[in-house]
Amino acid sequence: MKSNLISKSETSTLLKTVSEKWGIEFPKIKNLKVHQILDDAQIITGEGIKILKINEDYIPFLSETKMLEKFPNVTVDMGAIKFMCKGANVMRPGIKKYTEFEKDQLICIVEESQHKFLAVGKALVSSSELENMKKGEVIKNIHYISDKFWETGKIIYD
């Protein structure tokens with residue numbers, strides 16, 4: 001795995017892009033480090049920040065709970081957990097409650113008993129459409145506990 005620091009201008013461009021995509025302001029961060037995991041995936045780390053980049057998508061890393069709390073979320077029942085941790089998408093019957101979100105927005109998936117973050121996904125429908133659904137896929141699972149990014153992320157310390 002190759003890791004390298006990126007320049008100040010690259011750092012500010014990257015933070016600006018992520019902040020626009022996520023609708024979250026970031027404090028000024030100086031030394032961002034990019035860890036190349038796969039050809040199409042990187043983990044970007046810096047002071048108080050860990051971002052997963054897959055192709056052109058920026059995803060908050062699952063270990064960053066303070067960051068994850070700023071995103072819309074859905075709570076899934078206990079039966080959905082083992083499927084989520086194997087990469088399954090979130091299906092309507094497994095959702096217990098949810099906050100408002102739009103289609104294509106990043107959503108955090110939380111389990112109902114401990115309220116721990118299980119996964120981050122992309123909404124396939126909006127929360128208003130979800131109200132009238134009885135079945136079907138709601139969220140595409142992108143990054144979940146125990147996936148290859150999670151395992152690699154555990155060995156990257158800043």
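Val-90 is buried, with a relative accessible area of 1%. That counts as buried because the cut-off is under 20%. Keep in mind that this is a predicted model, so every number I give is computed from that prediction.

Staying with this residue, Val-90 lies in strand 7, residues 90–91. What does Val-90 touch, leaving out residues up to four places away in sequence? The list is Val-76, Met-84, Ile-95, Ile-109, Gly-136, Glu-137, Val-138 and Ile-139. Take Ile-139 from that list. Ile-139 is 49 residues from Val-90 along the chain, yet their C-alpha atoms are separated by 5.0 Å.

Five strands form an open sheet, in the order 1-2-3-4-5, and the pairing is antiparallel. Strand 1, residues 2–5, and strand 5, residues 57–60, are the edge strands, and each pairs on one side only. From one strand to the next, the twist averages 25°.

At the strand 1 end, strand 1 pairs with strand 2, residues 33–38, in the antiparallel sense over four bridges.

Last, confidence. The protein chain has a mean pLDDT of 94, and 99% of its residues reach 70 or more. Which elements have the lowest and the highest mean pLDDT? Strand 1 has the lowest, at 91, and strand 6, residues 73–76, has the highest, at 98.

Note on methods:
Residues are numbered from 1 along each chain as its sequence is written. This is a predicted model: local features need pLDDT of at least 70, side-chain atom pairs count only at pLDDT 80 or more; totals for chains, interfaces and linings use all residues. Side-chain values use heavy atoms; hydrogens and water are left out. Two strands pair if DSSP finds at least two bridges between them. Helices (H or I, at least four residues) and strands (E, at least two) are DSSP runs, numbered from the N terminus. Axes are lines fitted to C-alpha atoms, for helices over the stretch in contact, and angles run from 0 to 180 degrees between N-to-C directions. pLDDT is the predictor's confidence in each residue, from 0 to 100. Buried means under 20% relative accessible area, exposed over 50%, partly exposed in between (1.4 Å probe, protein chains only). Contact means heavy atoms within 4.5 Å.
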